[in-house]
Amino acid sequence: MSTSFQVHTSKDKEQLAQDFARYFADWANQQTKLASVALSGGSTPKRFFEILATDYRDKIDWSSLLFFWGDDRCVPPDHEESNYKMANDLFLKQVGVPVSNIFRVRGEDDPAAEAIRYSEIIEQTLPTENGLPVFDFMLQGMGDDGHTASIFPDQMELLTNPATCAVATHPVSGQKRVTLTGPVINNAKLIVFLVAGENKAAKVASVLQKDAESEAYPATHIQANNGELLWYLDQGAAQLA
Ligand code: 6PG
């Protein structure tokens, strides 16, 4: 199991988005075959998505990438809280990713049925390694409670759930989510956490230092068992690490 990781720190949120967009473009252009990307949601990736649409529209062969989500909310695809809507509006449709390369969670459908359907889509579309579907690029965010994807601290069983996807429940809002589970996330070739803001600094430090409290944070248990783990941070999030 790989317990090592690399950390890249940018001076602020804008620079982080610029640095990460460059990293992603370099990675994309090094791929020699159709490559799969699992996107995270939330607010952090927004600026990154915008930069892809403006600065990298013509610098990446978008038809060589397949886009999935590490998690999405169980809301319709035109709902303001849809991670799919955010990515599609900000860059996927802007840069012309073929619709057939976009595999969204059908948030409008029954969560349990969709978790099964999405699992099957992923298993049928991606290669298998270690008995699990393998993503080439897994983008993860981290909440200020240490959650990642939609694996929350009160649902740690999702870290070991053998299904490819499962239904999660947001601990505050009760909103249902479909999320990749820990084993599939950890089976990715490349896992990158993109985390910004001083409100995340304490958790980032705890997770990177693997202190006693970190055991309770799902992000701690994301280890690239089958590849590389990277953290892209701004100075705010990195300040205590
Ligand atoms: C989601 C995300 C989630 C997110 C973190 C960080 O669906 O909300 O996938 O895991 O990455 O909550 O969110 P922010 O970027 O908004 O802080």
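I took a polar contact to be a pair of N or O atoms within 3.5 Å; within protein, one atom must be able to donate a hydrogen and the other to accept it, and residues adjacent in sequence count only if both atoms are side-chain atoms. The model is predicted, so I kept to its rules: local features need pLDDT of at least 70, side-chain atom pairs count only at pLDDT 80 or more, and totals for chains, interfaces and linings use all residues. Residues are numbered from 1 along each chain as its sequence is written, and side-chain values use heavy atoms, with hydrogens and water left out.

I found an oxygen atom of the ligand 2.5 Å from an N or O atom in the side chain of T44. For the side chain of D71, the distance from a ligand oxygen atom to an N or O atom is 2.6 Å. At G41 a polar backbone atom lies 3.2 Å from an oxygen atom of the ligand. The ligand alone exposes 410 Å², and the protein buries 87% of that (Shrake-Rupley method, 1.4 Å probe).

Entry on the shell. The ligand is surrounded by 15 residues, with S43, T44, D71, H147 and A149 the closest. The shell holds two nonpolar, nine polar and four charged residues, with Gly counted as polar.

Entry on the pocket. I searched a 1 Å grid over the protein atoms alone: a pocket is an open set of points with protein on both sides within 12 Å along at least five of seven lines, a cavity is a set where a 1.4 Å probe fits but cannot get out, and lining residues have an atom within 4 Å of a point. The ligand sits in the largest pocket, meaning that more than half of its atoms lie within 2 Å of the grid points. The largest pocket has about 490 Å³ of space. Its lining has 28 residues, and G41, G42, S43, T44 and K200 lie nearest the centre. I noted that α1 gives the largest share of this lining, four residues. By class the lining divides into nine nonpolar, 12 polar and seven charged residues.

Entry on the cavity. How many cavities of 30 Å³ or more does the whole structure have? I found one. The largest cavity holds about 40 Å³ of space. Its lining includes F5, K210 and W231.

Key:
Near = heavy atom within 4 Å. Points joined across faces, edges and corners; volume = space filled by probe spheres on them. Helix = DSSP H or I, 4+ residues; strand = E, 2+ residues; numbered from the N terminus.
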